[in-house]
Amino acid sequence: MPSSLGRPNNNLLRALSAQDYELIRPHVRCETKAAGELLYRPGDHVGSAYFPCGPSLVSYEVTDGDGRNVETVLVGREGAVGGIVSLGFLPAYCLIVVKFDGPFVRVPIVNIQSAKDRSPSFKNMFARYADCLMAQMFQSTACNAIHSIEQRTAKWIAAAMDRTGENLVPLTHDQLAAMLGVGRSYTSRVLQAFRQEGILTTRRGALIVDDPDKLRLRACRCNEAVKEHFDVVLRGVYPEPDDAAVA
């Protein structure tokens with residue numbers, strides 16, 4: 001997992017100064033997580049922060065009254081989950097689920113908090129990321145309320161591509177429908193239309209984007225709004241579409 005930079009491939013960790021990273025380096029644990037693995041359930045004690053690395057993706061999901069899980073935020077190598085907004089030692093509110101398998105870094109919250117107490121610049125970095133995470137949540141709420149299924153589908157696929165650096169998105173129709181909070185038939189019709197337009201092709205358990213530019217034209221601007229906020233608050237942390245997630 002470590003690169004030539006001597007750090008895991010997570011943009012938030014790479015943005016820390018050498019002195020600040022050294023505060024948590026002894027407590028960094030590299031792990032591999034499988035797609036579908038639960039990091040936290042509602043009510044769980046939040047004891048560690050997880051940093052997706054490379055192409056790994058994780059999402060916050062809220063369960064509705066019918067037992068369906070609807071995604072609210074997608075997090076990749078630009079960030080972290082678990083005890084980031086709060087000071088930790090609080091129960092998790094929602095499901096935090098691994099979407100794309102791969103490498104993760106785990107750091108105990110007690111060590112994150114110790115670093116915040118010892119370094120104002122470390123504390124400031126995580127406060128700015130918390131602001132970006134909240135902005136993403138606000139944008140997701142507005143997106144789910146006002147944008148079409150087609151726009152949201154294109155947005156989600158584009159967001160996954162930004163974070164993984166790949167045109168192959170390992171996702172089934174059922175999984176995409178569940179994350180968007182709609183019936184499978186709706187996403188199937190959208191994906192069929194995208195196939196007919198040459199935007200993507202499908203294969204068992206995956207989507208392959210053949211024309212990323214056309215896909216982004218079909219998406220709402222929610223991804224761009226989030227990226228623009230990242231660029232103001234944490235420039236260079238949000239992945240660029242042509243970044244290599246495995247570097």
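Two strands pair if DSSP finds at least two bridges between them. Strand β8 (residues 168–169) and strand β10 (residues 206–209) meet that rule, pairing in the antiparallel sense over 2 bridges. Helices (H or I, at least four residues) and strands (E, at least two) are DSSP runs numbered from the N terminus. The model is predicted: local features need pLDDT of at least 70, side-chain atom pairs count only at pLDDT 80 or more, and totals for chains, interfaces and linings use all residues. Residues are numbered from 1 along each chain as its sequence is written, and side-chain values use heavy atoms, with hydrogens and water left out.

**Four-stranded sheet**

- An open sheet is formed by 4 strands in the order β2-β6-β4-β5, with antiparallel pairing.
- β2 (38–40) and β5 (69–75) stand at the edges with a single partner strand each, so one side of each is left without a neighbour in the sheet.
- From one strand to the next, the twist averages 35 degrees.
- Strand β4 (residues 57–63) runs antiparallel to β6 and is joined to β6 by 5 bridges.
- S59 has V97 of β6 as its bridge partner.
- Helix α4 (residues 120–146) lies across β4 and β5 and runs at about 140 degrees to β5; axes are lines fitted to C-alpha atoms, for helices over the stretch in contact, and angles run from 0 to 180 degrees between N-to-C directions.
- Helix α5 (residues 149–164) packs on the sheet and touches β4, β5 and β6, with a direction at about 35 degrees to that of β5; contact means heavy atoms within 4.5 Å.

**Three-stranded sheet**

- A further open sheet has 3 strands in the order β1-β7-β3, and its pairing is antiparallel.
- Its edge strands are β1 (29–33) and β3 (48–52), each of which pairs on one side only.
- The twist in this sheet averages 35 degrees from one strand to the next.
- β3 and strand β7 (residues 102–108) run antiparallel and are joined by 5 bridges.
- Y50 stands opposite R106 of β7.
- Helix α3 (residues 109–118) lies across β3 and β7, at about 65 degrees to β7.

**Helix pair α6 and α7**

- The axes of α6 and helix α7 (residues 184–196) come within 8 Å and cross at roughly 115 degrees.
- The crossing of α6 and α7 is right-handed (left-handed if the near helix is turned anticlockwise from the far one by less than a right angle, right-handed if clockwise).
- α6 contributes H173, D174, L176, A177 and L180 to the contact, and α7 contributes R184, T187, S188, L191 and R195.
- By class, this contact has 4 nonpolar, 3 polar and 3 charged residues; Ala, Val, Leu, Ile, Met, Phe, Trp, Tyr, Cys and Pro count as nonpolar, Asp, Glu, Lys and Arg as charged, and the others, Gly among them, as polar.

**Cavity and pocket**

- On a 1 Å grid over the protein atoms alone, a cavity is a set of points where a 1.4 Å probe fits but cannot get out, and a pocket is an open set with protein on both sides within 12 Å along at least five of seven lines; lining residues have an atom within 4 Å of a point.
- Grid points are joined across faces, edges and corners, and a volume is the space filled by probe spheres set on the points.
- The whole structure has 1 cavity of 30 Å³ or more.
- The largest cavity holds about 260 Å³ of space.
- It is lined by 20 residues, of which E71, T72, Q136, S140 and K155 are the closest to its centre.
- Two or more lining residues of this cavity come from each of β5, α4, α5, α6 and α9 (222–233).
- The cavity lining has 10 nonpolar, 6 polar and 4 charged residues.
- The second largest pocket holds about 220 Å³.
- Its lining consists of A35, G36, E61, N69, V97, V98, K99, P170, L171, Q175, A178 and M179.
- β6 (95–100) and α6 (173–180) are the elements that give two or more residues to this pocket lining.
- Residues of the pocket lining divide into 7 nonpolar, 3 polar and 2 charged.
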